[in-house]
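Me: I would like to learn how to read a helix and its surroundings. Could you walk me through an example?

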Amino acid sequence: MTRPDVVCFGESMAQLLPADGEPLRHATRFTLTTAGAESNVARALVQLGTTASWVSLVGDDALGARLLDEVAAAGVDVSLTRRRPGRTGFFVKDPHPGGSAVTYYRDGSAASRLGRADVDRALAARPRHLHLSGVTPALSASCRDAVGYALDGDVVTSFDVNHRPALWPDTGEAATVLRGLARRADVVFTGLDEAEALWGAETAADVRELLPEPRVVVVKDGGTAATSFAADTSCTEPALPVDVVEPVGAGDAFAAGWLHGMLTGLPHPARLRLGHLLAGAALTSLSDHFPLPRPPADLVRAAVAPTPGS
């Protein structure tokens, strides 16, 4: 394999969702697809022109094979993901514009056995950047250890807090673990709502105070704005107006836009705007994946020199 720009490390699962966006209780037609924070980021990065690999474990079942096929078909390198005896995680989405509900069937999945050897395999690809999320450390003790081990390596890292309350029965444990891991990353993404739930942060500036160590902290305030803090400077960019179809996956899309902007040398305001542009596209899709609303070069131009409404 060629050296990727970004390696995204963590679990992905098969996803069942109502094909027409109806509430799960009344739906009669369904779509089987794939989803997972890290592979979502990888797929969006590839659409923008950044090379990405997804590294994980999947089961030796049909869902694992399908997951590998779909992520690879999206242009993501999956050669470092391994199949292991057991099953692949699975979840069902009940879509709603204001916030979809999901039900997980992932206990004991192959990916819950991720460990340091899998991190070493990811780092052997010599990526420019390693992306992780707070979903992985919630899966098992070995996954938690693997994320900490990855954050202590030599490669530049990003960590999306991605707090999933269903995976953390003890909110106090989640607050402690996720803050500890975030403080070890170079770049941190978090929603203001989850930072408030975890740590009592009321403003973006509060989040930066809680996380002084990362080079950059990006705080997303839903459909209002996003703020980045780097060194002694900060900037805020308003979100774009969007008719929301379904919100899951927008955070991953935002992270991909921001990371592409960072890797291509865009200034901080343009990184935020590119994140908003991709998040807006994700918000109009029922699944976690989406087509770009315009060619990548046009999106970058809109982020660098925005016009009203872009």
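Me: What covers the buried residues of helix H6?

Reply: A word on the source first. This is a predicted model, where local features need pLDDT of at least 70, side-chain atom pairs count only at pLDDT 80 or more, and totals for chains, interfaces and linings use all residues. Residues are numbered from 1 along each chain as its sequence is written, and side-chain values use heavy atoms, leaving out hydrogens and water. Helices (H or I, at least four residues) and strands (E, at least two) are DSSP runs, numbered from the N terminus. The cover of H6 includes strands S10 (156-160), S11 (187-191) and S12 (216-221), plus helices H5 (171-182) and H7 (204-210); contact means heavy atoms within 4.5 Å.

Me: Which residues of H6 are buried?

Reply: Buried means under 20% relative accessible area, exposed over 50%, and partly exposed in between (1.4 Å probe, protein chains only). In H6 (residues 192-199), the buried ones are Leu192, Glu194, Ala195, Leu198 and Trp199. They line one face of the helix, because they fall within an arc of 160 degrees seen down its axis; the arc is taken from the directions from the helix axis to the C-beta atoms. Exposed Asp193 and Ala197 sit on the face turned away from the buried side.

Me: What comes just after H6?

Reply: Glycine 200, with a positive phi of about 75 degrees.

Me: Is valine 217 buried or exposed?

Reply: Valine 217 is buried, with a relative accessible area of 0%. Valine 217 lies in strand S12 and, not counting residues up to four places away in sequence, touches Val188, Val207, Arg208, Leu211, Thr227, Ser228 and Phe229.
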